[in-house]
Amino acid sequence: MKKPLIGVTPLYDYNLSSWWIIPGYLEGIQKTGGLPVMLPFTDSAEDAWDLMADLDGLIITGGPDVNPQIYGEEPILQIGLLAPKRDVNEKLYFDAAIAMDKPILGICRGHQFINAMFGGTLYQDLPTQHPLPTNHSQKEPNYIASHRVDVLPDTPLSACMKGAEKIRVNSFHHQAIKTLGEGLAPMAIAEGEDLVESFYAPEYRFIWGTQWHPELLHKSPEEELKTQQLSIFKALVEASAAL
C-alpha cells in the first residue's frame with residue numbers, strides 16, 4: 001500500500017538564504033506511516049497547486065511571527081521576527097490544500113497562520129497584550145512538557161488522546177490566538193487560562209492546529225507523552241491515507 005505523501009513547509013534563514021526543516025516534523029510523519037516531502041518556496045499559485053495535487057496532506061510548521069497585517073492590524077513594538085517569504089509561500093500551499101480538501105496540520109506558527117486564514121486574530125505579544133500566569137516561553141528543554149491543557153470532550157483531539165481530559169505540552173511562543181477564526185472550533189484550552197491551544201475545522205476532512213510542538217515532544221523519554229504526541233501525526237497520516 002502506498003504511503004501518503006505529506007508536504008512540510010520549510011523555515012527560511014535570511015542570513016544564509018537557506019531553507020531547512022527541524023527533523024522532528026519529518027520523523028513524526030515517518031514513524032506514523034507517512035512519507036515527508038520538504039516543500040520549496042514559491043510565489044507561483046500554479047506551482048503550489050501542482051505540488052499539492054501530488055501530495056496527500058500538508059504540515060505548516062512553527063517559526064517566526066505571522067505578519068499582523070494579514071489579520072488587519074499594524075505591528076506593535078513588541079512584535080518578533082517576521083517572515084514575509086513564509087507568509088506568501090504558506091498561503092499558496094494552504095489555499096491549494098483547502099481547495100482540494102487535503103488534510104492540514106498547523107503547528108505553533110502554523111496554528112496561528114491557519115487561524116488568520118480563517119479570519120481570526122492573534123495577540124501579537126502575550127506579555128504585553130494578555131499577561132497570563134503560565135510562562136509560554138519555557139526555559140526547559142524542548143522535549144519537556146511545561147504546562148497542561150484541557151482537552152475538550154467530543155472533539156477529534158479527545159478521541160486522538162483516548163479520552164484524556166488533560167495532557168501535558170511544551171510551550172515556545174509569545175503570540176497566541178485572540179479570536180478564533182470563523183468555522184474553527186476549539187479542541188484544547190490552556191489549563192486555568194483562556195488561550196485556545198488546539199482547534200479543528202468541523203466542515204473539512206482534517207484541519208487541525210496545535211499551539212504546542214508535537215514534533216519535539218514525541219522525542220520525550222516519557223512513553224505516555226511520546227505516544228500522545230505521535231498520535232497527532234498519526235491522525236494526519238491516516239486522514240491523508242484515506243484520500
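Helix α4 is followed by G119, a residue with a positive phi near 90°. This is a predicted model. Helix α4 covers residues 109-117. Eight of its nine residues are buried, so the rest of the structure largely encloses α4. The buried residues are R109, G110, H111, Q112, F113, I114, N115 and A116.

C108 lies in the loop between β6 and α4, with β6 spanning 104-107. Phi of C108 is near 55°, a positive value in a residue other than glycine. Most residues other than glycine have a negative phi. Is C108 buried or exposed? Its relative accessibility is 5%, under the 20% cut-off, so C108 counts as buried.

K162 also has a positive phi, of about 55°, although it is not a glycine. K162 sits in the loop between α6 (156-160) and β9 (166-169). With a relative accessible area of 77%, K162 is exposed.

**Helix packing**

| Helix pair | Crossing angle | Axis separation |
|---|---|---|
| α3 (84-99) and α4 (109-117) | about 65° | 11 Å |
| α1 and α8 | about 65° | 8 Å |
| α2 (45-54) and α3 | roughly 50° | within 9 Å |

Start with α3 and α4. Their axes meet at an angle of about 65°, and the two helices are therefore roughly perpendicular to each other. The crossing is right-handed. From α3, the contact uses R86, D87, E90, K91 and F94. From α4, it uses R109, F113, I114 and M117. What is the make-up of this contact of α3 with α4? It has four nonpolar residues, no polar residues and five charged ones. R109, F113 and I114 of α4 are in this contact, and R109, F113 and I114 are also buried.

Next, α2 and α3. Their axes come within 9 Å and cross at roughly 50°. That angle makes α2 oblique to α3. Helix α2 passes α3 in a right-handed crossing. On the α2 side are A45, A48, W49, L51 and M52. On the α3 side are L92, Y93, A96, A97 and A99. This contact divides into 10 nonpolar residues, no polar and no charged.

Then α1 and α8. These helices pack at about 65°, with axes 8 Å apart. That makes α1 roughly perpendicular to α8. The crossing of α1 past α8 is right-handed. G24, Y25, G28, I29 and K31 come from α1, and they meet L230, F233 and V237 in α8. The residues of this contact are five nonpolar, two polar and one charged.

**The nonpolar cores**

In soluble globular proteins, nonpolar side chains tend to be buried together. The largest nonpolar core here holds 33 residues. Which of its residues touch the most other members? They are I59, L105, L157, I167, W208 and W212. Several elements give two or more residues to this core: β1 (5-8), α1 (23-31), β6, β8 (147-151), α6, β9, β11 (185-190) and α8 (223-241). Helix α8 gives the most, with seven residues. Another core lies apart from the largest one. It has 27 residues, among them Y71, I104, L184 and I207.

**An exposed loop glycine**

G192 is found in the loop between β11 and β12, where β12 covers 196-200. Is G192 buried or exposed? Its relative accessible area is 78%, so G192 is exposed. G192 and P133 are 59 residues apart in sequence. In space, their C-alpha atoms are 8.7 Å apart.

Conventions:
Residues numbered from 1 in each chain as written. Predicted model: local features only at pLDDT ≥ 70, side-chain atom pairs only at ≥ 80, totals over all residues. Heavy atoms only, no water. Axes fitted to C-alpha atoms, helices over the stretch in contact; angles between N-to-C directions. Helix = DSSP H or I, 4+ residues; strand = E, 2+ residues; numbered from the N terminus. Parallel < 35°, antiparallel > 145°, perpendicular 65-115°, else oblique. Left-handed = near helix turned anticlockwise from the far one by under 90°. Contact = heavy atoms within 4.5 Å. Nonpolar A, V, L, I, M, F, W, Y, C, P; charged D, E, K, R; others polar. Buried < 20%, exposed > 50% of the residue type's maximum accessible area, 1.4 Å probe, protein only. Core = buried A, V, L, I, M, F, W, Y, C linked by side-chain atoms within 4.5 Å.
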